[in-house]
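Hi everyone, thanks for coming. Let me put the structure up on the screen, and then I'll walk you through a few places in it.

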2 protein chains.
Amino acid sequence: MIPSDARTGDEPGGVADRLSLNQMTVPRWTVREAVEGCARHGIRHIGLWREPVAECGVEASARAARDAGVAVSSLCRGGWFPAATHAERQRRIDDNRRAIAEAHALGTDTLVLVCGPATDRDLDAARRMVDDAVAALVPDAIAAGVRLAIEPLHPMFAADRSVIVTLAQATMLAERFPPVAVGVLADVYHIWWDPAVYEEIERAGARIFGFHVSDWITPLPDVLFGRGMMGDGVIELRRLRRAVDAAGYAGPIEVEIFNREIHAMAGDDVLALIGARYRAHVA
Amino acid sequence: MIPSDARTGDEPGGVADRLSLNQMTVPRWTVREAVEGCARHGIRHIGLWREPVAECGVEASARAARDAGVAVSSLCRGGWFPAATHAERQRRIDDNRRAIAEAHALGTDTLVLVCGPATDRDLDAARRMVDDAVAALVPDAIAAGVRLAIEPLHPMFAADRSVIVTLAQATMLAERFPPVAVGVLADVYHIWWDPAVYEEIERAGARIFGFHVSDWITPLPDVLFGRGMMGDGVIELRRLRRAVDAAGYAGPIEVEIFNREIHAMAGDDVLALIGARYRAHVA
């Protein structure tokens, strides 16, 4: 395969063309404002979230993206599977079925799964609940042509957001299911620290359904809202991007930054900064 | 081996007898106050830190512990190896040689290593610097009869405290050296989230030179000072303690809690609480 760096990056399908805005990086914008912002800044993809999509309406969101000429790279998020009772677990699986249908209606082939925390101290039981829920969703995903992208979260979220915490673990889970249906999402913020990260990216290979970038700044300003803009932190972003490319991933590269300072900036300023930092540190 | 739970726990060498106070759990106490506090509360071991030991004096600290009838379970901490220049790396190795001598003088056979962060974005280079520094220290450790216990830190400290972040990684590093000289320290706060933690404890086996307990509370109040008292969080403490015992570890179990609320409590209240929680959740 031709290393993406051998291309200029600016041609269709080149690295520059793969930049995507994850909507939560500019959370004060509606879906319409976000897709129009992307169009103004030459960003050709957007990752949407269910809550703002629900506010705008699924069909209206899909239309707004189409009208702006912006493709929906993924929908965040499904998941949150472990629960104390069978009935509640079933309710969550049903909610994920709705998320699959929404992803299909939005024209994206990727639903991101943040798998959820344990309900008590029993991590093993929670991990089994995740396995079972993904298994239950596979037929729906295949029928809708929507792929489930299991996102390992940083281990600091193991108690309150995801019992899936390493790329190795997410890939092993995905490999139990057909490759058209279940894969992983590699977010640098969650996986950069892992001594095995490059081996694990290679191993995940064609199971990589998405790639998210931001940065790790230190001291970490906040566990949840502590992500940095690319280039402000310590993550070897370009090396990780090249590794994901070498593993066969050629899809959108989403910028997803939860950070109160960046959230307080004007949306157009954020998008201009993202473009510059993406070219300098990722492409 | 007899499972430790088959004993009452109160006989000499039983689980109750293995409780150790890591000094930083009660950081306002001097060494003398801390060892006398341990003696008052029937705690037979203490983990000391270099800074308060230096304030008291190494010999005076050793004497205070002996006078109180409290054994020094470990000295924290050596490490912090990666640096930008050769001269600075050498300076740090020399400082670790002093730490080995201090451990010997204090009568403990265990020096805890917190290996330090990278100086830039290059994790691989920093990890090689750690390997090289440990290799340089092995002869000194063997000569002094002091074991180096590599402590993997939680991945949320990868950028600012330790490029060694999993028990697997620490064990692989330790296995390059003689088992009398280099092993690992298993601290539940740093390793509990790991999907492979029980396999890794078993693999570490006789390389386990120390075991620290606290808890993971959620939402995490602070990255550095966010540790909880045993029983207040989500960690399966007793299961982990049994796993470490089954791997062959029979040494002290240190309670190490960095938490501003606990640090603000009266020392005797903290020790009484530790005793009760240790019996309820660990022993």
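**Salt bridges, the interface and the interior**

Let's begin in chain A, where A:R92 forms a salt bridge with A:E88, with 2.8 Å between the closest N and O atoms. Please keep in mind that this is a predicted model. Both A:R92 and A:E88 sit in helix α4 of chain A, four residues apart, which is about one turn of the helix. A:E88 also has a salt bridge with A:R91, at 3.1 Å from N to O. That pair lies in helix α4 of chain A too, three residues apart, again about one turn. Why does that spacing work? An α-helix has 3.6 residues a turn, so residues three or four places apart point the same way.

Over all chains, the structure holds 40 salt bridges.

Over in chain B, a salt bridge joins B:D232 to B:R277, the closest N and O atoms being 2.9 Å apart. This pair connects distant parts of the chain, 45 residues apart: B:D232 is in the loop between β9 and α9 of chain B, while B:R277 is in helix α11 of chain B. B:D232 counts as partly exposed, at 45% relative accessibility.

Now to the place where the two chains meet. How many residues does each chain bring to the contact? Chain A gives 28 residues and chain B gives 28 residues. Together they bury about 2300 Å², and 60% of that is on carbon and sulfur atoms. On the chain A side, A:R121, A:A159 and A:W193 lose the most area to chain B, together 25% of what that side buries.

Two salt bridges cross this interface. A:D124 forms a salt bridge with B:R239, with the closest N and O atoms 2.9 Å apart. Eight residue pairs are in polar contact across the interface. Helix α5 of chain A gives the most to the side of chain A that touches chain B, with three residues. By type, that side divides into 14 nonpolar, six polar and eight charged residues.

Next, the interior. The largest nonpolar core has 182 residues, and those with the most contacts inside it are A:W192, A:W216, A:M230, B:W192, B:W216 and B:M230. Take B:W216: leaving out residues up to four places away in sequence, B:W216 touches A:M156 and A:A159, along with residues of chain B including B:H154, B:Y189 and B:W192.

Is helix α6 of chain A enclosed or open to the outside? Seven of the eight residues in this helix are buried, so the helix is largely enclosed by the rest of the structure. Among the buried ones are A:L167, A:Q169 and A:L173. The buried residues of α6(A) pack against α5, β5, β6, α7 and α8 of chain A.

One last stop: A:T108, in the loop between α4 and β4 of chain A. A:T108 is buried, because its relative accessible area is 4% and the cut-off is under 20%. A polar atom of its side chain lies 3.4 Å from the backbone nitrogen of A:S74, and one lies 3.2 Å from the backbone nitrogen of A:T110. Leaving out residues up to four places away in sequence, A:T108 touches A:V72, A:S73, A:S74, A:L75, A:A103 and A:V146.

That's my tour, and I'm happy to take questions.

Notes. Residues numbered from 1 in each chain as written. Chains lettered and ligands numbered in written order. Predicted model: local features only at pLDDT ≥ 70, side-chain atom pairs only at ≥ 80, totals over all residues. Heavy atoms only, no water. Contact = heavy atoms within 4.5 Å. Buried area = accessible area lost by both parts, 1.4 Å probe. Salt bridge = Lys/Arg side-chain N within 4 Å of Asp/Glu carboxyl O. Polar contact = N/O pair within 3.5 Å; in protein donor to acceptor, adjacent residues only side chain to side chain. Helix = DSSP H or I, 4+ residues; strand = E, 2+ residues; numbered from the N terminus. Nonpolar A, V, L, I, M, F, W, Y, C, P; charged D, E, K, R; others polar. Core = buried A, V, L, I, M, F, W, Y, C linked by side-chain atoms within 4.5 Å. Buried < 20%, exposed > 50% of the residue type's maximum accessible area, 1.4 Å probe, protein only.
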